[in-house]
Amino acid sequence: MCINYKKMIEKKNIELGLILKDDDYKTLFKNNSQAMIIHNLKGEIIDINESTGKMLGYSKDEIKKIKIENIIKKEFGVKFNIINLLKKTVEKGCLKLKFEFLKKDNSSFLGEVDARAIILSNGLNVLMLIDNITEQKILQENIQKEKDFSQKIIFSAPNIIVGLGINSEILIFNNFAEKLTGYKSSEVMGKKWIEVFIPKNERDEIYKVWAGVVLKKKEYYTHENIIVTKDGQKKNIKWNNTFINEKNEFRMILSIGEDVTEKNKIEKALKESEEKYKKIFDNAPEVMLLISPKGIILDVNNRLYEISGYNQKEIVGKSMFNLPFVDKANKELIKNKFIQRGKGIKIEPYVFEITNKKGEKMFFMLSGNPIFDDKKNLVKLYVTLSNITLLKKLQVELKESEEKFKELFNRMNDAAFIADVNTSILLDANIAAQNLTKRSKKELVGMHQCKLHADNDEGRRVFKKNVVSQVSNEVESNIISKDGKIIPVLITSSVIELKGKKFALGIFKDISRIKKSEEKYKSTLSSMSDLVFVFNKDAKFTYYHAPKNSLLYSDPEYFFGKKVSQVMPKFLVNMFDSAFEETKKGKISEFEYPLKIKGVDMYFYAKLSPIFINEEFNGCVAVVREITKLKKYENDLTESEEKFKTLFQSSPEAIIFLDLNGIIKEANEQACKVVGYDYNEIINKNILNLSLFSKKSKELVLVKLQERLKGKDNPPYELQFITKKGEARIGIIHGKIIKDFKGKILGDLVIIEDVTDRKKIENDLIESEKKFKKQFLYYKELDEIKNDFVNVFSHELKKPMIPIMNYSELLLNNYLGEIDDSQKKVILKIKKNAKKEINMISDILNIGKFEKNKIKLNYSKFSINNLIKEIIESKSNGYLEKDIKVIFKPFKEDIWINSDRINLSKIISNLFENALIFTNKGYVKILLKKEKDMLSISIKDTGIGISKDKFDKIFTKFYQIDSSISRSYEGTGIGLYTAKLITEMLKGKISFTSELNKGSTFTVKIPIN
């Protein structure tokens, strides 16, 4: 049986190329980072690599004493059997399995195994390649948990959430949506949202909006429209919509809606109120002023002009401390009161005297309404001046107001208490207070306010402190009812004046339900992997959560009660303040920001969601997620795509990418230009249906493509193609099969090299050669130069350099398939040498320009010291790798010359590079000297030197001291020739001295100006 298996496996493995020599096997084990085990047909482990030892915890000697079935726990419930494994492996050639492996410490992990039957010198064996997929399985389970958690959030969210298909059919309809609309999800699922919920007269407009969103694939947009509930009510909904794709295909529009019906009514009323205020301000019977934080009068109503007799220019824009109708004593009074008010001190209305333009004295009562920002800075001040004659009327109105206060006090929904300011003895309690404490009014009156609070409660101390200091503030507390029940409350304390006396007013809001909800909310937040912050309406931290293994984790006590400005960088504070203001408007605000944490640059995404209680803004929740890896992937992907597009489109070669059916999936501009078709005329068309090829050429194209698909690399081949205009052209076709990282064939990359003109030139050259053959002797000397040139460039230039650069870039960026490190090193060398060849060709092309004097000189003033230093630094690789010392002594007092900096740099660079190339040890010295109006630059080396018989050829074009193919030194022989041409263009001179085996000195002299 074993012999039959061996023959079957040997036959199968010959097909698959899996019969390994011992040397191959050792190399495979030594260089493979994947865990690998080889065992024989008895299950005895023959060998493992280092990765396997680390994975299982065994050494090679230990594991050779163990059979393979003893480290495999199970195969999805089926007992492990070597013969069965071998059978399956022989039948399929390669078998993929999943096993649970047992480690030395008795722990286990889930492994994915690629099993192959192989033949070594010791006979038939099984090769197992193992990947640990335990973390992958855990990740999949966590993803599913996240999906389930997201689903729960959607259906329990306090907003209407719907998911709509491409035709607005309803795919998601959460609990809040049911509550708001009156429909059950079973009634509307699958139906079109627009037809069910949008009024008929508005459907056409909504369909237009919907079509625009789907076609443009807006990732995020907002929209507001009216929907009709089941009972016929119209609700105004503000939507935040997200366009969701899956695998680049439309999935749904996820819409989160907020009922803004009441909010819009309030905003409308507010606008009307503002308009009314302006009219009241302008036409008020009393004097009204608007004052800036510095005391400058911004606006006044007409009544002040009437009373004072002064015009607008004499009042508006002036300081309220220096009004023309107020005497010095009253100016000081106004100024002191204004300063106190700016500090947040409550100022009671006060009386002051004025004298109008007619000289009449009048008395006014000044009352001010200061507006402060979040930091308690004065923003502006509304001032009302009332004639003192209205005082009695004011007193009557005050008495009526006290009666109204008593009525309001008793009808309040929240518990309210009035206490003596000094003793904190309760003097009155409304009906809500009696219900909350389970005590009658008779029981409460005369009780000390401290007895309302639970023992040692902080709230009673703060309440008393606020009353004594006469500050209005909020504080959370716990009170105890008559039946012993502890009730959490939010206390607002303030000092009021009734009948000329001051009393303490305390309003106790029952927040039991809010507290329970808050605890449940905090419990949910604490399980999140993201950072979570909760802020109250004053933007202070009230909750903080971060995983303890996070770099951002801090003790929650560090945040509580503080503002963002106390714990965060300034730039982040500004971003937060802006986002927090948006949440006050009921909006969800998002932003990204960078942050350096413990020396690590990280990126974060923050989302702030508002918290409203009884339609009143109560703060916000901020969820912060780290997106460092995502940000890097986005940047890398964008950069990679841009590089590829630039290379593809800027290539001078015509490049076409075909799929396996010959369909043109992409083509660059040069390809369109060569074949004569527009991009839209060829894209997604079969290349053989475009009339590009004759019948014979089509057959050749198909044969070559089939060869490449079979894995055969066919060399470039020549054929005739026909452009759209019917012009016959000759092209050289380069084809390359493109595979993905798994080895799957994606298509064929075809490069068309149009050589029609080159062929014509070649033919013309042949004809020219026949015509001018008689002049052979005249051009014999030129032919020798040409031969030297060919010898040098056959050594330096091998293939067209630009395609090599482009293909190297494509390979390095994995566009033509994944490459390993050893391949990458080779490609980098190819790219480096290609770049060197391109630079050399550029130098050759520039010679023609210099010879024809077509180079435009650009003169400017520059430092010669700095220029030399830059050149030495740019050539550092040329001497750091050798035993050479570079010596340069700059001018003590730098010289600025007026010359062409770029071309002078070329001269010095060529001479300096030559010295480095031909010097293996010793030094290269750069000497500067000023000779009247000339600058002398000498470059001296201790290199190989030049023999006297070659002195007259040194500045000859393409001349090399050693021009043989086996020469030891690189170069084209144009450096010194180019240096001489440029020097003469700059009105200078170049010379040299040299001695064989002792070195050379090249000197350039150019005008300083």
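Predicted model: local features only at pLDDT ≥ 70, side-chain atom pairs only at ≥ 80, totals over all residues.
Helix α13 comprises the 15 residues 328-342. Within α13, the residues N330, K331, I334, F338 and R341 are buried. Viewed down the helix axis, the buried residues of α13 fall within an arc of 105°, and they therefore line one face of the helix. K328 and A329, on the other side of α13, are exposed. The packing partners of the buried residues are four strands, namely β12 (287-291), β14 (350-355), β15 (361-372) and β16 (378-387). After α13 comes G344, which has a positive phi, near 90°.

In soluble globular proteins, nonpolar side chains tend to be buried together. The largest nonpolar core of the model contains 37 residues, and I864, I897 and L904 have the most contacts inside it. At least two residues of this core come from each of several elements, including the helices α28 (864-874), α30 (901-917) and α31 (975-985) and the strands β33 (883-888) and β35 (921-931). The greatest contribution to this core is that of α30, with 7 residues. When neighbours within four places in sequence are left aside, I864 is in contact with F891, D894, I895, I897, L904, L928, L935 and I937. Another core, of 28 residues, lies apart from the largest one; among its members are V287, L289, Y310 and F321.

Terms used: Residues numbered from 1 in each chain as written. Heavy atoms only, no water. Expected span 1.5 Å × (residues − 1). Buried < 20%, exposed > 50% of the residue type's maximum accessible area, 1.4 Å probe, protein only. Arc of directions from axis to C-beta. Contact = heavy atoms within 4.5 Å. Core = buried A, V, L, I, M, F, W, Y, C linked by side-chain atoms within 4.5 Å.
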